[in-house]
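I opened this model to look up a few local details and wrote down what I found.

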Amino acid sequence: MRTSIQAIQAMKAAKAPIALLTAYDFTSAQIADRAGVPVLLVGDSLGMVVLGHDTTLPVTLDDMVRHAGAVARGSASALVIGDLPFLTYASEADAVFAARRMMQEAGVQAVKLEGGAAIVPIVKRLVELGVPVMGHLGYTPQSTMQIGIRVQAKDDAGAQTLIDDALALEAAGAFGIVLELIPHALAAEVTARLTIPTIGIGAGPDCDGQVQVWHDILGLYGDKPPRHAKRFAEIGQQIENALKSYLEEVGAKSFPPAKR
Ligand code: KIV
């Protein structure tokens, strides 16, 4: 049985930290499931780490449906959340269309949308229609052209707007909110004021849970991880070493071994 949204919310109540991880394909989802990751996020970060774009903006709904479907098929126990990509939820009709494809075609259990007050009516409508929605505030990568990659809500006005947005998303029925790149004290305050879980990335240790990007924590992307990530393994280096060994052995004709 998959992790339920109620189970995630109960973890907040029990003060049990919630670990989310991104995943983008079948094999990785199987590994994450075996490791016991309770929630997998098929993030539109796949635009960068899988598809090689500079931002998440070029990611299409077809991209998301394909990758989310693979993750849903690869996992049996995790709650699978899929991002709705850039401009696919600009209107209620678009959001319903995108959420339907993600839930019916890809098989995710919930979707994630970026933004505050502007998307509250859309979140409300999706929730009314039975779509579980996770919010995403702070640094919202789909707005990177407007806001740049930097810590958000650093001044009092920005902090108040973020708190208001978080409360409005909760009132609209969001079951949790990702807080990305905001001051740690603000994340702590939002976490204390909400009854739904906050999931931090670059938002400090006081959120109800944390989310990390698969490639960042496994050493698969870029020369050094973002400041908010920790490399728990250097799998990229291990793959490179393995490939060199393969090349050497084929070159030396020691692989495949002579027929016995
Ligand atoms: O796209 C993504 O991977 C995300 C996480 C970083 C929260 O939105």
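**Entry 1: the histidine.** I am working from a predicted model. I started with His136, which sits in strand β5, residues 133-138. Is His136 buried or exposed? Its relative accessible area is 3%, and the limit for buried is under 20%, so I logged His136 as buried.

**Entry 2: its surroundings.** I then asked which side chain makes a polar contact with that of His136. The partner is Glu180, at 2.9 Å. Setting aside the neighbours within four places in sequence, I listed what His136 is in contact with. The list has Lys112, Leu113, Glu114 and Gly115, then Pro141, and then Ile177, Val178 and Glu180.

**Entry 3: the helix.** I moved on to α2, residues 26-35. Which residues of α2 are buried? I found Ser28, Ala29, Ala32 and Asp33. These lie on the same side of α2, because they cover an arc of only 135 degrees around the axis. On the other side of α2, I noted Arg34 and Ala35 as exposed.

**Entry 4: what the helix packs against.** I checked where the buried residues of α2 pack. They go against β2 (39-42), α4 (61-74) and α10 (214-218).

**Entry 5: the helix ends.** At the N-terminal end of α2, I found Asp25 as the cap. One of its side-chain oxygens lies 3.1 Å from the backbone nitrogen of Thr27. Just after α2 comes Gly36, for which I noted a positive phi of about 90 degrees.

Definitions and conventions. Residues are numbered from 1 along each chain as its sequence is written. This is a predicted model: local features need pLDDT of at least 70, side-chain atom pairs count only at pLDDT 80 or more; totals for chains, interfaces and linings use all residues. Side-chain values use heavy atoms; hydrogens and water are left out. Helices (H or I, at least four residues) and strands (E, at least two) are DSSP runs, numbered from the N terminus. Buried means under 20% relative accessible area, exposed over 50%, partly exposed in between (1.4 Å probe, protein chains only). A polar contact is a pair of N or O atoms within 3.5 Å; within protein, one must be able to donate a hydrogen and the other to accept it, and residues adjacent in sequence count only if both atoms are side-chain atoms. Contact means heavy atoms within 4.5 Å. The arc is that of the directions from the helix axis to the C-beta atoms.
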